[in-house]
Amino acid sequence: MKFFYECSECGRTFDIQPELMVCPDCSSKQQSHEPLRGVLEVGMEGSIGPDFDIFDILPVEKKFFPPIPVGNTPLWTPINLRRRTGFTNLFIKDDSLNPTGSLKDRASYLVAAFAVRERISDVVVASTGNAASSMAGIGAAASLGIRIFIPKSAPRAKRVQSLQYGARVVLVDGNYDMAYELSMAYTREHGGLSRNLSLIHISEPTRPLYIS
């Protein structure tokens with residue numbers, strides 16, 4: 001299986017490189033009032049058989065993932081909802097059975113594997129709750145240092161959960177946007193892997209690198 005970057009705007013493809021986050025052509029047209037242009041998504045080429053392993057279609061090799069059971073959560077059959085909606089093949093995916101009780105564990109799992117592969121020991125995240133506790137739990141399983149920037153208004157249970165997993169929690173007197181800016185400022189100064197929104201940003205104190 002071959003993995004590559006594909007621009008979500010123009011469709012141009014690139015080899016996966018840590019320093020490449022956005023399409024050079026599309027990002028050159030970026031206006032200050034616009035959403036981020038030229039975001040790169042991971043694409044793949046190749047065929048898979050009927051007995052494929054889910055790790056075969058992930059851009060990080062299986063050996064780098066932490067030994068924790070993320071995914072493979074059950075599908076429930078909501079009989080009453082089927083009757084009321086008429087959707088006879090409706091199922092509910094119960095991701096509350098992931099290790100930290102959140103669907104965010106799936107993304108955290110991949111982030112942790114990427115950090116291990118790239119020999120990055122610290123992960124930084126801004127969150128209002130679920131991503132924080134998820135990254136803390138999955139990061140602990142991968143023996144990573146996790147630093148979380150979270151608004152003081154976030155649910156206390158999520159802050160406690162993050163602390164129980166051993167994360168360093170920074171309470172921000174402001175909203176998520178402020179927590180995000182502080183987390184990015186921290187990685188620019190101290191380095192580490194910044195896992196925010198749908199992008200994974202890698203940075204060192206003197207040289208920013210990016211991977212989408």
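Helix axes here are lines fitted to C-alpha atoms over the stretch in contact, with angles taken between N-to-C directions. This briefing covers a predicted model. On that basis, the axes of α3 and α4 come within 9 Å and cross at roughly 45 degrees. The largest nonpolar core has 27 residues, and α3 supplies its largest share, 6 residues.

**Helix packing: α3 and α4**

- The crossing angle of roughly 45 degrees makes α3 oblique to α4.
- This crossing of α3 and α4 is right-handed.
- On the α3 side, the contact is made by D105, S108, Y109, V111 and A112.
- On the α4 side, A131, S134, M135 and I138 make the contact.

**Helix packing: α4 and α5**

- Helix α5 spans residues 156-164.
- The axes of α4 and α5 come within 8 Å and cross at roughly 15 degrees.
- Angles under 35 degrees count as roughly parallel, so α4 is roughly parallel to α5.
- The crossing of α4 and α5 is left-handed.
- N130, A132, S133 and A136 of α4 meet K158, Q161 and S162 of α5.

**The largest nonpolar core**

- Residues with the most contacts inside this core are Y109, V123, M135, L144, I146, I148 and L193.
- Four elements each supply at least two core residues: α3 (105-117), β6 (122-126), α4 (130-141) and β7 (145-151).
- M135 is one of the residues with the most contacts inside the core, and M135 also takes part in the contact between α3 and α4.
- Beyond residues up to four places away in sequence, M135 touches S108, V111, A112, V123, V125, I146 and R195.

**S183 in α6**

- S183 sits in helix α6, which covers residues 176-190.
- The relative accessible area of S183 is 0%, so S183 is buried.
- A polar atom of the S183 side chain lies 2.7 Å from the backbone oxygen of Y180.
- Setting aside neighbours within four places in sequence, S183 contacts V124, V125, A126, F149 and N196.

**F52 in a loop**

- F52 lies in the loop between β3 (40-45) and β4 (75-76).
- F52 has 37% relative accessibility, so F52 counts as partly exposed.
- F52 and P35 are 17 residues apart along the chain, and their C-alpha atoms are separated by 36 Å.

Notes
Residues numbered from 1 in each chain as written. Predicted model: local features only at pLDDT ≥ 70, side-chain atom pairs only at ≥ 80, totals over all residues. Heavy atoms only, no water. Core = buried A, V, L, I, M, F, W, Y, C linked by side-chain atoms within 4.5 Å. Buried < 20%, exposed > 50% of the residue type's maximum accessible area, 1.4 Å probe, protein only. Contact = heavy atoms within 4.5 Å. Polar contact = N/O pair within 3.5 Å; in protein donor to acceptor, adjacent residues only side chain to side chain. Axes fitted to C-alpha atoms, helices over the stretch in contact; angles between N-to-C directions. Parallel < 35°, antiparallel > 145°, perpendicular 65-115°, else oblique. Left-handed = near helix turned anticlockwise from the far one by under 90°.
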